[in-house]
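Student: I have a model open and would like to go through it with you. Could you take my questions as they come?

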Amino acid sequence: MSRSAQRAGGRRRFALAILGAFALLAPPALAQPAASPAASPAAAAAAPAEPEGYRLEAYRAPVPATLSGARVLDAAAAAELWRKGGVAFVDVLPRPPKPAGLPAGTVWRDQPHSTIPGAVWLPNVGFGALNAETDGYFRAGLSAVTRGDVNAPLVIFCQRDCWMSWNAAKRALAYGYTNVSWFPTGVDGWGEAGLPLESVEPRP
């Protein structure tokens, strides 16, 4: 096989690795809801029950219709808060990991990520168990977007049918934040509603 063919095959395998990681990790969205639930009665009845703790595996799966202590938003309610302003939107979509074993000299570029305009991206904070570094990163990120006010409104989200945003919103409540909303359909529901999206980089 020629060197050019080998390079082309390597690029294809590299692209598939990125897409595979993104599909496995991509979570659902959380948002700050209004008083009414985001899910219809039929959807709520079919949704799984809230676990007592955090979800620790199979993050891309149907999520509960509720989150104790938080409000649940649909796209219309999330958009209303966004237009009003003064609400911190936090995207917790995981960042695809750099594939292991890349050929020497391979240039790694993160896959572009689009989110709700003005949202802060805090990737990888929605896993069920966080190491000390990631836990500190999440705490610092929430403190920054709320300016240290635990009563400031938060909307936490990522994508549809992913537990990452549910976990992250539950964890924000455990940190002492009192005004937490979860937007279960996240970026997916936002885009389907015809609302704008913009590219974003993770918060350092």
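Student: Is Cys-162 buried or exposed?
Tutor: Cys-162 is buried, with a relative accessible area of 0%, where buried means under 20% relative accessible area, exposed over 50% and partly exposed in between, computed with a 1.4 Å probe on protein chains only. This is a predicted model, in which local features need pLDDT of at least 70 and side-chain atom pairs count only at pLDDT 80 or more, while totals for chains, interfaces and linings use all residues. Residues are numbered from 1 along each chain as its sequence is written, and side-chain values use heavy atoms, with hydrogens and water left out.

Student: And which cysteine sulfur is closest to that of Cys-162?
Tutor: That of Cys-158, at 4.5 Å, which is too far for a bond, given that a disulfide is a pair of cysteine sulfur atoms within 2.5 Å. Cys-158 counts as buried too, at 1% relative accessibility, and a search of the whole structure finds 0 disulfides.

Student: Switching to the sheet, what is the strand order?
Tutor: The 5 strands form an open sheet in the order β1-β6-β5-β2-β4, with parallel pairing; strands are DSSP runs (E, at least two residues), helices are runs of H or I with at least four, both numbered from the N terminus, and two strands pair if DSSP finds at least two bridges between them. At the edges stand β1 (71-72) and β4 (120-121), each with a single partner strand, so one side of each is left without a neighbour in the sheet.

Student: How many bridges join β5 to β6?
Tutor: There are 4, and the two strands run parallel; within β5, Phe-157 stands opposite Phe-183 of β6, and Ile-156 stands opposite Trp-182 of β6. β5 also pairs with β2 in the parallel sense, over 4 bridges, and there Ala-88 has Leu-154 of β5 as its bridge partner.

Student: What about the faces of β5, which residues are buried there?
Tutor: Leu-154 and Ile-156 on one side, and Val-155 and Phe-157 on the other, are all buried, which leaves both faces of β5 covered. In a regular strand the side chains alternate between the two faces of the sheet.

Student: Which residues touch the most other members of the largest nonpolar core?
Tutor: Leu-142, Ile-156 and Val-180 do, out of 31 residues in that core, a nonpolar core being a set of buried Ala, Val, Leu, Ile, Met, Phe, Trp, Tyr and Cys residues joined through side-chain atoms within 4.5 Å. At least two residues each come from β2 (88-91), α4 (132-146), β5 (154-157), α5 (163-174) and β6 (180-183), and α5 gives the largest share, 6 residues. Another core, of 16 residues, lies apart from it and includes Ala-75 and Leu-81.

Student: How do α4 and α5 cross?
Tutor: Their axes, which are lines fitted to C-alpha atoms over the stretch in contact, with angles from 0 to 180 degrees between N-to-C directions, come within 11 Å and cross at roughly 75 degrees. The two helices are therefore roughly perpendicular to each other, a label for angles of 65 to 115 degrees, with under 35 counted as roughly parallel, over 145 as roughly antiparallel and the rest as oblique. Asp-135, Phe-138 and Leu-142 of α4 make the contact (heavy atoms within 4.5 Å) with Ala-168, Arg-171 and Ala-172 of α5.

Student: Last one: where is Arg-60?
Tutor: Arg-60 sits in the loop between α2 (41-46) and β1, and at 36% relative accessibility it counts as partly exposed. Arg-60 and Trp-163 are 103 residues apart in sequence but 6.4 Å apart in space, C-alpha to C-alpha.
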